[in-house]
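Student: I am new to this structure. Can you walk me through the reasoning behind its labels?
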Amino acid sequence: MLRIGEFAKLVGCSVVSLRYYEEIGALVPAFVDEQTGYRYYTVQQTYQARLVRICIDVGISPKGLKAYFEGGDVLEMYNLFDSFNEAVEERLRE
């Protein structure tokens, strides 16, 4: 398990961003120590963090990722990826 600062360095984002991703449900820590409030992430969560960052980079709100990571509705996931593809195509045209 990695503490939030270590995880932030690993995925190349700020601690503030990770806390925001947690707040919106896009990237929830694997464990939060109830006594200290420290957040811990697994190495396997790096793909989630990178996906969140890619979505933001292409102009997609990371709020839609919550359903994807929680194994939500297939249609919701399809719509998210459709939005992602459209955003990438738009960026490429620019």
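Tutor: Start with pairing: two strands pair if DSSP finds at least two bridges between them. This is a predicted model. Here three strands form an open sheet, in the order 1-3-2, with antiparallel pairing.

Student: What makes strand 1 and strand 2 stand at the edges?
Tutor: Count partners. Strand 1 (2–3) and strand 2 (31–32) each have a single partner strand, so one side of each has no neighbour in the sheet.

Student: How do you know that strand 2 and strand 3 pair?
Tutor: The cut-off is at least two bridges. Strand 2 and strand 3 (residues 39–41) have two bridges, in the antiparallel sense. They meet the definition. F31 has Y40 in strand 3 as its bridge partner.

Student: Why is T46 called buried?
Tutor: Buried means under 20% relative accessible area. T46 is at 12% relative accessibility, so T46 counts as buried. T46 lies in helix 3 (residues 46–57). Leaving out residues up to four places away in sequence, T46 touches F7, L10 and V11.

Student: Which residues of helix 2 are buried?
Tutor: In helix 2 (residues 15–24), L18, Y21 and I24 are buried.

Student: What puts them on the same side of helix 2?
Tutor: Look at the arc. They cover only 130 degrees around the axis, so they share one side of helix 2.

Student: What does the face turned away from the buried side of helix 2 carry?
Tutor: That face carries V16 and E23, which are exposed. Exposed means over 50%.

Student: What follows helix 2?
Tutor: G25 does, with a positive phi near 85 degrees.

Conventions. Residues are numbered from 1 along each chain as its sequence is written. This is a predicted model: local features need pLDDT of at least 70, side-chain atom pairs count only at pLDDT 80 or more; totals for chains, interfaces and linings use all residues. Side-chain values use heavy atoms; hydrogens and water are left out. Helices (H or I, at least four residues) and strands (E, at least two) are DSSP runs, numbered from the N terminus. Buried means under 20% relative accessible area, exposed over 50%, partly exposed in between (1.4 Å probe, protein chains only). The arc is that of the directions from the helix axis to the C-beta atoms. Contact means heavy atoms within 4.5 Å.
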